[in-house]
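Here is a friendly tour of a two-chain model. Please have a look at the sequence and the structure before reading on.

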Amino acid sequence: MEKVTLTIDNLKVEVPKGYTILEAAKTIGTDIPTLCFLKDTNEVGACRVCLVEIEGARALQASCVHPVAEGMVIKTNTKKLRDARKATVELILSNHNRECLTCFRNKNCELQSLAEELNISEIPFEGEKIETIVDAKSDSIVRDASKCILCGRCVNVCKDVQKIGILDFTNRGYHTEVSPAFNMSMDESPCIYCGQCITNCPVAALREKEDIERVWDAIEDPEVHVVVQTAPAVRAALGEEFGLPIGTRVTGKMVASLKRLGFDRVFDTNFAADLTIMEEGHELLHRIQEGGTLPMITSCSPGWVRFAEFYYPEFIPNLSSCKSPHQMMGAIVKSYYAEKANIDPKKIFMVSIMPCTSKKTEAARPELGVDGLKDVDAVLTTRELAKMIKQARIEFMKLEDAEFDPALGEYTGAGVIFGATGGVMEAAIRTVADVLEGKDLQEIEYASVRGIEGIKEAEVTLGGNTIKIAVVHGTAMAAKVLDMIKAGEKEYHFIEIMGCSGGCVTGGGQPHVPARVKMDCDIRIERAKALYEEDTVKEYRKSHQNPLIKKLYDEYLEKPNSHKAHKLLHTHYEAREAYAVKSQEMIEGCQQAAATKDHE
Amino acid sequence: MAKDIFTEENFQKLQNVINEYKGKQGPLMPVLHEGQKIFGCLPLEVQKKISESLKVPLSEIYGVVTFYSQFSLEPQGDYVIGVCLGTACYVKNAQPIIDKISKMIDTKAGETSQDGKFTLVATRCIGACGLAPVMTINEEVYGRLKVEDVPGIMEKYL
């Protein structure tokens, strides 16, 4: 690789050609401040916080986009720079809603940290502030433009990484705002609620719709039996909220904290993931053997399902009819478990702890319930769970590891890996292979479907047949694969699609990781490691070997895809029209949104 | 909206424009310009059609439309009156002129009159400082104005 030698703060540095000054400075341990910069996604040099002095250059330059050159002499810490960076941030703060103490991002806000690091002690610029509204109409995402600093990270994540483009800069100059088209609320736009805008926002301009109080109320009500379940990806990230390194697995402490919070039963969504594999695996076999619609595509990710409903409705028949795992869990808790534990299902309050913001909207879908009861009553993100633990003053790090409650807490390694891209596929193959071969196969790790490549393809031989599979994550990649299938360029039997890049471990409900940390570490890989590690230590690593799953079918569901299983565990989808509103309705909608105050 | 602009004929014209620019580099601006001419404005229904045809997100189109002052979201009046409030015109007393017009047509700056006849716009410098204070009515330019001149000029259009 061609190298370039330059001088940064009087130190000689040799870095590969093509590096930015920001990257070069990192190699000698100088962390130039940034704000709008988001590696690979938002490299635009817009905020002017990362300024450096280059000898011979006319003006200060944005280091995040300025490439290094041979012989360059750079200064990163001079009075001129400190003053310039400070003034820039002071100007941003002058039009920012500075209610830090009561802010959703208090203590993990990138702007707040920057103000502290730059030693800003007063805002010399006082003037008019732009008037904005809080849009809290959707079940998943709240947008508060008074906090927005116009960095554009959400715009580019949505437009380039997800290829959706719900948010963009509107109006100009002082009136510039990042918003959906026509200043619509998020729920009037064809947003899939993946929440990638939230996890990449440096401030609190975008956040999830909190539902913590409703869960506290249920816990406190002696008449209500409150059951909680945790998705696989939660255990791979929750520890970050308590200062643990990225990728630390905290399954035992997480379960212990849930018990301490007062949940009556703590179950694992992984059990339902095993159940999903049973249903989905047999659905796949059925489709292949009976000539059903292929490729079959997974339906665990509600962001992806919504994406299909809005943008690729022609693929709805390809979606597996399986409900997503946490919905299956809710349905089983309110039927099988209620019956066995002799509890009136009406008195059960089902809470799902999810790495996902789209699950909130999914749980509210009217068809996801049985006999008039919703499968899931409340969905909280990993971040919301961390808030509850902090509110309850539980010293997370001192907790002894605890086990899930036995009724529906047993799970296999196949269920755990659902949280990483490729996990559902691998789990499905483990089971389908055994069913077709009629034996307990020992080679069960399918490396070709692991990792963070956008589109992974493989051919597996199952029972003498070659099955073509693909694993896709992030909706931009999903669109690419679906377009190729439509054009007849690709053919598959089975595709796993997750709405977020990296799968659930980097879902929109996961802990915030500052952009500067994301520069050095790929959180998709680190968090996935925690799940694959748990897989290897489980006694059972194939869904159909889960003794509780066998029992559930023996005692209740009879067999996969039975009539009863269909009633409880399967669902349907509908094509949705993007921006279905008309001009007149939209004007009325805007007025309503203006009247809606954030309820928090 | 005063008159029905969402006619089949208008959408057909828009489709022709889209067909002409689709596949070329940077099709959005010319399509928006033509769309503005065809419909007199670029409301949701028109932007949606452009978004679907050009495969550009609606938010991006809306961002462009609200960025440039040549585009409007609502129908413009038959006569668009632009009164320049740039520095030169302003110091030459443009404010009383726009106030006078606003009163005569009972319409605030930035809005369209009830009958849909006039749209009053306070513009930035239009580059005719030598004629300050200056205003335009559609393509006509009126310079070196005095408040007393306004009724005489407006008479032609009222």
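The notes below start with conventions and then go through the chains by topic.

This is a predicted model, in which local features need pLDDT of at least 70 and side-chain atom pairs count only at pLDDT 80 or more, while totals for chains, interfaces and linings use all residues. Residues are numbered from 1 along each chain as its sequence is written, and chains are lettered from A and ligands numbered from 1 in the order in which they are written.

**Chain B overall**
- Seven helices and four strands make up the secondary structure of chain B, in the order α-α-α-α-β-α-α-β-β-β-α along the sequence; helices (H or I, at least four residues) and strands (E, at least two) are DSSP runs numbered from the N terminus.
- The C-alpha atoms of chain B fill a box of roughly 50 × 30 × 25 Å along the principal axes.
- Of the 158 residues in chain B, 29% are buried; buried means 20 or more other C-beta atoms within 10 Å of the residue's own, exposed means 12 or fewer, and partly exposed lies in between, with C-beta atoms placed from the backbone.
- Chain B is assigned domain 1 (8-67) and domain 2 (79-155), and their C-alpha centres lie 30 Å apart; such bounds come from an automatic or database domain assignment.

**The H1-H2 pair in chain B**
- Helix H1 (residues 8-21) and helix H2 (residues 28-39) of chain B pack at about 165 degrees with their axes 10 Å apart; axes are lines fitted to C-alpha atoms, for helices over the stretch in contact, and angles run from 0 to 180 degrees between N-to-C directions.
- That angle makes H1(B) roughly antiparallel to H2(B), a label for angles over 145 degrees, with under 35 counted as roughly parallel, 65 to 115 as roughly perpendicular and the rest as oblique.
- Residues of H1(B), including Leu14(B), Val17(B) and Ile18(B), meet residues of H2(B), including Val31(B), Ile38(B) and Phe39(B); contact means C-beta atoms, placed from the backbone, within 7 Å.
- This contact has eight nonpolar, two polar and two charged residues, where Ala, Val, Leu, Ile, Met, Phe, Trp, Tyr, Cys and Pro count as nonpolar, Asp, Glu, Lys and Arg as charged, and the others, Gly among them, as polar.

**Where chain B meets chain A**
- Twelve residues from chain B and 15 residues from chain A take part in the contact.
- Helix H3 (44-54) and helix H4 (58-67) of chain B each supply at least two residues of the chain B side, and H4(B) gives the largest share, seven residues.
- Eight of the ten residues of H4(B) are buried, so this helix is largely enclosed by the rest of the structure.
- The buried residues of H4(B), among them Leu58(B), Ile61(B), Tyr62(B) and Val65(B), pack against strand E8 (167-170) and strand E9 (177-180) of chain A, together with H2 and H3 of chain B.

**Domains of chain A**
- Chain A is divided into domain 1 (1-129) and domain 2 (212-569), with C-alpha centres 40 Å apart.
- Their contact takes seven residues from domain 1 of chain A and six residues from domain 2 of chain A.

**Backbone details to check**
- Most residues other than glycine have a negative phi, and most peptide bonds are trans.
- The peptide bond from Leu294(A) to Pro295(A) is cis, with omega near -5 degrees; another cis bond joins Ala132(B) and Pro133(B), with omega about -10 degrees.
- Asp40(A) has a positive phi near 65 degrees and, with 10 C-beta neighbours inside 10 Å, counts as exposed.

Note on methods. Contact = placed C-beta atoms within 7 Å.
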